[in-house]
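Open the structure in your viewer and keep the selection tool ready. We will go stop by stop.

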Amino acid sequence: MNLQERNEAILALLKRDARIPVQEIADRLMLQPQEVSQAIEEMERQGTILGYTTLLGNEEERQTRAIIEVQIQPERDSGFDAIAQRICKFEEVVSAYLVSGRYDLHLEVVGNSLQEVAHFVASKLSTQPGVKSCATLFLLKKYKEAGIEFQKEEGYERLQVSM
């Protein structure tokens, strides 16, 4: 296994469980624990691994989450980047992506209530220079995030019908 394959295998395991012990990664990949630790530290230094996060289940998540699609007017010389960077500075924005399609930016926003998210859109986001329109989609229920299913499929048994 070359270095790139090793790093990709380590990253795949960390994506599924960031708390997986180094020893378990080493055992699964048939590597030495020290080699795994050094690889992780190097990927952190290089910026390949930027951080670790915790996923919360539906009942534990107390914040209101929304997907906001934003149509923007690109700026001369900087295109979409300058306005996207300004929007990313808002603490309500947890993710931002440049996307293809009708809208240009795809944002994930959090707030303590529907009203708080709506206020963010009305007073902060839509008033930014270059923002042409927004579409807000409130997240109602989480089924799967970061590859983890939140509700396992229940067994379905068809009732017998006799004549």
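This tour visits strands, salt bridges, an aromatic pair and a surface patch in a predicted model.

**Stop 1: strand β3**

Select residues 105-111, which make up strand β3.

Find Thr 64: it stands opposite Gly 111 in β3.

Next, show β2, residues 93-98. It too pairs with β3 in the antiparallel sense, here over five bridges. Look for Leu 98, opposite Leu 105 in β3. β2 and β3 form a hairpin with six residues between them. Click on Gly 101 in the turn: its phi is positive, about 115°.

**Stop 2: salt bridges**

How many salt bridges are there? The count comes to eight. Here are some to select.

Start with Arg 28 and Glu 24. Their side chains meet in a salt bridge, 2.8 Å from N to O. Both residues lie in helix α2, four residues apart, which is about one turn of the helix. Arg 28 is partly exposed, at 47% relative accessible area. Glu 24 is partly exposed as well, at 31%.

Move to Arg 65 and Glu 145. This salt bridge is 3.4 Å, N to O. Arg 65 sits in strand β1 and Glu 145 in strand β5, so the pair ties together parts that are 80 residues apart in sequence. Arg 65 is buried, with a relative accessible area of 13%. Glu 145 counts as partly exposed, at 21%.

Then pick Glu 75 and Arg 86. Their closest N and O atoms are 3.2 Å apart. Glu 75 is in the loop between β1 and α4, while Arg 86 is in helix α4, eleven residues away.

Finally, select Arg 65, Glu 108, Lys 142 and Glu 145 together. Salt bridges with shared partners join these residues into one network.

**Stop 3: the aromatic pair**

The whole structure holds one aromatic pair. Select Phe 90 and Phe 120: the rings are edge-to-face, 5.5 Å centre to centre, with 80° between the planes. Phe 90 is in the loop between α4 and β2, and Phe 120 is in helix α5, so the pair ties together parts 30 residues apart in sequence. Both residues are buried.

**Stop 4: a surface patch**

Leu 114, Phe 138 and Leu 140 make a nonpolar patch of about 330 Å². Zoom in on Leu 140, in the loop between β4 and β5. Leu 140 is exposed, with a relative accessible area of 82%.

Notes: Residues numbered from 1 in each chain as written. Predicted model: local features only at pLDDT ≥ 70, side-chain atom pairs only at ≥ 80, totals over all residues. Heavy atoms only, no water. Phe/Tyr/Trp six-rings, centres within 6.5 Å; stacked < 30°, edge-to-face > 60°. Helix = DSSP H or I, 4+ residues; strand = E, 2+ residues; numbered from the N terminus. Buried < 20%, exposed > 50% of the residue type's maximum accessible area, 1.4 Å probe, protein only. Patch = residues over 30% accessible without salt bridge, like charges linked within 9 Å, V, L, I, M, F, W, Y side chains within 5 Å. Areas by Shrake-Rupley, 256 points an atom, 1.4 Å probe, with all protein chains shown as cover. Salt bridge = Lys/Arg side-chain N within 4 Å of Asp/Glu carboxyl O. Pairing = 2+ DSSP bridges.
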